[in-house]
Amino acid sequence: MARITASVYTSHVPAIGAALDMGKTQEPYWQKVFEGYDYGKQWMKDNKPDVVFLVFNDHATAFSLEMIPTFAIGTAAEYQPADEGWGPRPVPKVYGHPALSAHIAQSVIQQDFDLTLVNKMDVDHGLTVPLSLMCGQPDAWPCPVIPFAVNVVQYPVPSGQRCYNLGKAIRKAVESFDEDLNVHIWGTGGMSHQLQGPRAGLINKEFDNAFLDKLIDDPQAAAAIPHIDYVREAGSEGIELVMWLIARGAMDDANGGGKPIVKKRFYHVPASNTAVGHLILENP
Ligand code: DHB
Ligand code: FE
């Protein structure tokens with residue numbers, strides 16, 4: 001059967017992608033950000049997954065504001081990097097895993113989560129920046145990726161608790177796929193940031209670090225954080241953090257197993273307008 005062996009969490013700041021694409025990683029401002037991912041890049045090579053299930057949010061790129069699915073699973077064979085206004089990022093095409101996607105859709109919908117099926121989608125910085133941070137600049141991404149898009153852009157957004165429970169359902173789905181696959185699940189977006197209005201530029205280091213503590217040691221408590229607390233404490237775009245709970249809910253200890261091993265924890269301010277957070281958790 002397929003198994004989820006690890007979860008990865010990371011911010012997805014678009015300027016990080018631009019810094020990488022324009023060869024600025026050694027500039028002092030960016031050096032500290034990329035240093036935080038040196039471990040993760042080696043870890044990806046040493047623990048190469050067969051598939052990455054990548055939870056991210058679309059930023060009104062693929063869906064626009066005309067149609068906004070709360071949870072959308074990519075079922076396509078491939079996805080092109082999106083043009084977000086400056087041309088598509090010069091990164092590899094993303095290959096999917098249609099058989100596993102279709103299986104997860106079937107299983108998760110039968111577990112009463114209504115997913116939108118997406119047979120064609122361009123993927124924006126929400127998906128490509130985490131891939132770049134964890135894989136660098138390869139000619140091809142190391143494995144197939146299943147994009148899973150969550151609406152955190154237009155209210156109403158799903159609660160952390162619902163995201164956490166969805167992670168459990170995704171785990172069940174993966175474990176009932178009849179092929180030996182090593183699957184990693186990624187939760188992306190966050191940490192604290194606000195891009196608009198009078199509080200633009202808001203960063204809350206205390207909230208972010210408390211969130212990382214909770215996510216590691218007491219994910220059920222992290223899941224209970226109401227959405228208004230994210231917005232108040234972590235800024236309007238801090239709500240992206242609920243996506244991390246989907247990945248966390250798929251780990252062993254959320255499903256009766258043992259606590260995860262923390263392989264990496266990184267926190268850095270600033271990157272553009274955002275606090276960068278990153279975790280790697282392995283199942284025991
Ligand atoms: C920034 C962060 C984001 O999460 C995003 O989607 C766009 C911009 C920023 O910090 O600039
Ligand atoms: Fe974002």
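Here is a short walk through this predicted model, from its metal site to its surface. Local features need pLDDT of at least 70, side-chain atom pairs count only at pLDDT 80 or more, and totals for chains, interfaces and linings use all residues. Residues are numbered from 1 along each chain as its sequence is written, chains are lettered from A and ligands numbered from 1 in the order in which they are written, and side-chain values use heavy atoms, with hydrogens and water left out.

Let us start at the iron ion (ligand 2), where His12 (NE2), His59 (NE2) and Glu240 (OE) coordinate the metal at 2.0 to 2.2 Å. Donors here are N, O and S atoms within 2.8 Å of the metal (3.2 Å for Na, K and Ca), and sites may look incomplete because water is not among the atoms. Along the chain, the donors of this iron ion follow the spacing H-x46-H-x180-E. His12 sits in the loop between strand S1 (3-10) and helix H1 (14-21), and His59 in the loop between S2 and strand S3 (71-74), so the pair ties together parts that are 47 residues apart in sequence. Helices (H or I, at least four residues) and strands (E, at least two) are DSSP runs, numbered from the N terminus.

How accessible are these two histidines? His12 is buried at 3% relative accessibility, while His59 is partly exposed at 24%. Buried means under 20% relative accessible area, exposed over 50%, and partly exposed in between (1.4 Å probe, protein chains only).

Strand S2 also holds Leu54, a buried residue with a relative accessible area of 0%. From C-alpha to C-alpha, Leu54 and Met243 are 9.9 Å apart in space and 189 residues apart in sequence.

Now to the surface. Asp50, Asp178, Glu179 and Asp180 gather there in a patch of negative charge. Patches are made of residues with over 30% relative accessible area and no salt bridge, joining like charges within 9 Å and nonpolar side chains (Val, Leu, Ile, Met, Phe, Trp, Tyr) within 5 Å. A salt bridge is a side-chain nitrogen of Lys or Arg within 4 Å of a carboxyl oxygen of Asp or Glu. Asp50 belongs to the loop between helix H3 (38-46) and strand S2 (51-56) and is partly exposed at 35%.

A nonpolar surface patch is formed by Leu65, Ile68 and Val153, with about 250 Å² of accessible area together (Shrake-Rupley method, 1.4 Å probe; for residues, only the protein chains shown count as cover). Val153 lies in the loop between strand S7 (145-150) and helix H6 (160-175) and is partly exposed at 41%.

Notes:
Lys, Arg positive; Asp, Glu negative; His and termini not counted. Charge placed at Lys NZ, Arg CZ, Asp CG, Glu CD.
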